[in-house]
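Subject: Structure handover

Hello,

Here is the structure I said I would pass on. My notes on it follow below.

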Amino acid sequence: MFRMKSNALLLTVITTVSALSIGLLSLSYISYYSAEKTAKNSVPAHFAITNVQDANKFKAALDANQIKHKDTSIEVVQVKANLKDILDSNMKGLLLDPSNMTIPVVSDKDAPFIDLTSEQTIFTGTNDLLEKFMKLKDAGQIQFSGQQVVIPQTYLGSEKQYMVSWYFSNGGQPVAIVDDSVFKRLKQDMNPTIQKESSMYFGIDIENEAKLPEANQIFHELGFGKNKSYDSRQDMANEQKNRMGLIMFIVGFLGLTFLITSGCILYFKQMDESEDEKPTYTILRKLGFTQDDLLKGIQIKQIFNFGIPLVVGLIHSYFAVQSGWFLFGAELWTPMIIVMVLYTVLYSIFGILSVLHYKKVIRKAL
């Protein structure tokens, strides 16, 4: 206990450094690991195009290269919506005007997974980031407004399934699904000042994913990669991986440096203590204590010296990552657990080396 008190400041510093390393490594790996899923959420199909002529041109090029594909076309209308009743009361203050929001609306005939009546609406395309800043209730009443018509609807909840690209969802807002009759009424009375340049989403999926790189090359050869409203899921995922890969390398290098520094400090500290305690072990051996008896005490000591900073650092980084992971990606548990397990294994090596060194000291105590 005396040694623990004397090492308190050192252990506190090591705990802080460990928590910082694990937290930053987890967040950077979350961004890298989530690249594919984030791209899929932003672009539900392999390719998203908003112009019918360009969509047909791209499909013709795919056919010419014998690349089989599945096509989806969805019409999207931007409408004003009154969402006051379904927004969590604590979140209303974060929005400029929850009674006059612009959201995209699609027909349920384009959503095979749902069938609605003319009074029902569900939202789709919600994500963890949106739920933190725009928390929606499970049910309530909402209104959709055109230039003249106002249509009350019963909100039935939200789905995580994505239907259209980020271009139509205004960068991450949910997409409302309504009955086809309601969609036609909103379309006939839509406000032209809030509409996108295109109201059609064309999604193109490649059936054989081995052909995806070739299809992506065709996409760029046609010059579609330069259009901001056209998207390639593969390009989006690669861009995020390239960007976050560099950041992860830098953070990983710093984290490994902190890890080795912390482990070495504790290891050399234990080496010094073992030499100071050598006469004590000699006396205990003469009193009849076996090598195994002394080694059990040493192991418990190392659990305190190495385990406390590690456990506290892991707990701290867990809550730190939980508080902001949704800003970095769409996956949490797998990348965070991988980083924590890897850090724990590498950190434990120094504890094992310390125990082995103590074993040598105890063996030489007689």
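A salt bridge here is a side-chain nitrogen of Lys or Arg within 4 Å of a carboxyl oxygen of Asp or Glu. By that rule, Glu-273, Glu-277 and Lys-301 are linked in a network of salt bridges.

On the source: this is a predicted model, in which local features need pLDDT of at least 70 and side-chain atom pairs count only at pLDDT 80 or more, while totals for chains, interfaces and linings use all residues. Residues are numbered from 1 along each chain as its sequence is written, and side-chain values use heavy atoms, with hydrogens and water left out.

Salt bridges

The structure holds nine salt bridges. One of them joins the side chains of Lys-241 and Glu-36, at 3.1 Å from N to O. This pair links distant parts of the chain, with Lys-241 in helix H8 and Glu-36 in helix H3 (residues 35-42), 205 residues apart. Helices are DSSP runs of H or I with at least four residues, numbered from the N terminus. For accessibility, buried means under 20% relative accessible area, exposed over 50%, and partly exposed in between (1.4 Å probe, protein chains only). Lys-241 counts as partly exposed because its relative accessibility is 24%, and Glu-36 does so at 42%.

Lys-37 forms a salt bridge with Glu-331, with 3.8 Å between the closest N and O atoms. Lys-37 is in helix H3 and Glu-331 in the loop between H10 and H11, 294 residues apart. Lys-37 is partly exposed at 38%, and Glu-331 is partly exposed at 24%.

Glu-239 and Arg-243 also meet in a salt bridge, at 4.0 Å from N to O. They are four residues apart in helix H8, so about one helical turn separates them. Glu-239 is exposed, with a relative accessible area of 51%, whereas Arg-243 is partly exposed at 43%.

Nonpolar core

A nonpolar core is a set of buried Ala, Val, Leu, Ile, Met, Phe, Trp, Tyr and Cys residues joined through side-chain atoms within 4.5 Å. The largest one has 24 residues, and those with the most contacts inside it include Ile-22, Leu-266, Trp-325 and Tyr-343. Helix H2 (8-33), helix H8 (233-276), helix H10 (291-324) and H11 each give two or more residues to this core. H2 supplies the largest share, seven residues.

Regards
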